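Me: Could we go through this model together, starting with its aromatic residues?
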Amino acid sequence: MTKAESRITRRAVLKGGVVAAVIPGMTPLEGWGLGAGETVERKGRIHQSVCQWCYSKIPLDTLCAYAAQIGLKGVDLLKPEEYEVPRKYGIVCSMGYADGGTIADALNRPEHHDAIEAGFRKNIPLAAKAGVPSVITFSGNRRGMPDDEGARNTVAGLNRVKKIAEDHGVNICLELLNSKVNHPDYMADHTAWGVRVVEEVNSPNVKLLYDIYHMQIMEGDLIATITKNIKWIGHFHTGGVPGRHELDGTQEVQWDGVMRGIADSGYRGYVAHEFVPLRDPETSLRQAADLCDV
């Protein structure tokens, strides 16, 4: 490698948008200054992954390679055309987008059900083929709609698509989000509302995406709530509170304790890191993986 090539590091890419693959013969990790290294062996009680959007300046192949190196098992929130990429590195897309609506416009309004059903009919078979265990969907915003009405509509929408998920062995996960800080007016903003919905749908393939960041903001009581409702939880996201940044001593969740609660509940799905790093992204992701490896 020439001196000029050696200066093209991960930090240079983050600052300037340089693509690592431009240097012939260079592996993704070497191209970002990460080094080959040996894969970190994790304890296996928590199956960790990482949300791609938080590292959007990093090429997906590079993120997958690094995730595999530090012992993560997947990369979250990929589009259908990206589902297969993590498999090249021995990991999976742990949750995919599948045209399941948007945060603001989704299942709580019947006028969106046709489009969501069409998206799932097209993309859930692709997810199954690629080994993607779960796809994401949302409630939508209230816009004055009573929560009871929204719950009934969401149940009706999920009942339309649950057999698609069951037939292909893929989970549809309804995300719980906070309406206090990040997503004003979002309907599925408390665990009890989400549990009511998935209980009524009563499918082994319709679950909740319990975002720990969001639910800490809305209701706290994390370990007890998770333990009580683990039957209905199909996926987890992390994020430091406040700010959705690093999982460290600057924020209020005791992550190792929460992870022990999740592991002790018998949960064997994925916990995906969904924080936006303020510091070196490689280091922050590795530290989060170490902290949650209980």
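**Aromatic cluster and helix contact**

Reply: F236 and Y267 are both buried, where buried means under 20% relative accessible area, exposed over 50% and partly exposed in between (1.4 Å probe, protein chains only). The model is predicted: local features need pLDDT of at least 70, side-chain atom pairs count only at pLDDT 80 or more, and totals for chains, interfaces and linings use all residues. Residues are numbered from 1 along each chain as its sequence is written, and side-chain values use heavy atoms, with hydrogens and water left out.

Me: How many aromatic pairs are there by the rule?

Reply: The count is two aromatic pairs. Rings of Phe, Tyr and Trp (its six-membered ring) pair if their centres lie within 6.5 Å; planes under 30 degrees apart count as stacked, over 60 as edge-to-face and the rest as tilted. Y210 and F236 form an edge-to-face pair, 5.8 Å centre to centre with 65 degrees between the planes.

Me: Where do Y210 and F236 sit in the chain?

Reply: Y210 is in strand 6 (residues 206-211) and F236 in strand 7 (residues 233-238), so the pair links distant parts of the chain, 26 residues apart. Strands (E, at least two residues) and helices (H or I, at least four) are DSSP runs numbered from the N terminus.

Me: Is Y210 buried or exposed?

Reply: Y210 counts as buried because its relative accessibility is 0%. F236 is buried, with a relative accessible area of 0%.

Me: And what is the geometry of F236 and Y267?

Reply: F236 and Y267 form an edge-to-face pair at 4.9 Å centre to centre, with 90 degrees between the planes. Y267 lies in the loop between helix 10 (255-264) and strand 8 (270-273), 31 residues from F236. Y210, F236 and Y267 form one aromatic cluster.

Me: Changing topic: which residues of helix 9 and helix 10 meet?

Reply: L222, I223, I226 and T227 in helix 9 meet G257, V258, G261 and I262 in helix 10; contact means heavy atoms within 4.5 Å.

Me: What is the make-up of that contact by class?

Reply: The contact of helix 9 with helix 10 has five nonpolar, three polar and no charged residues. Ala, Val, Leu, Ile, Met, Phe, Trp, Tyr, Cys and Pro count as nonpolar, Asp, Glu, Lys and Arg as charged, and the others, Gly among them, as polar.

Me: Last one: what does N171 touch beyond its neighbours within four places in sequence?

Reply: N171 is in contact with P133, S134, V135, P204, N205 and K207. N171 is in strand 5 (residues 171-176) and is buried, with a relative accessible area of 18%.
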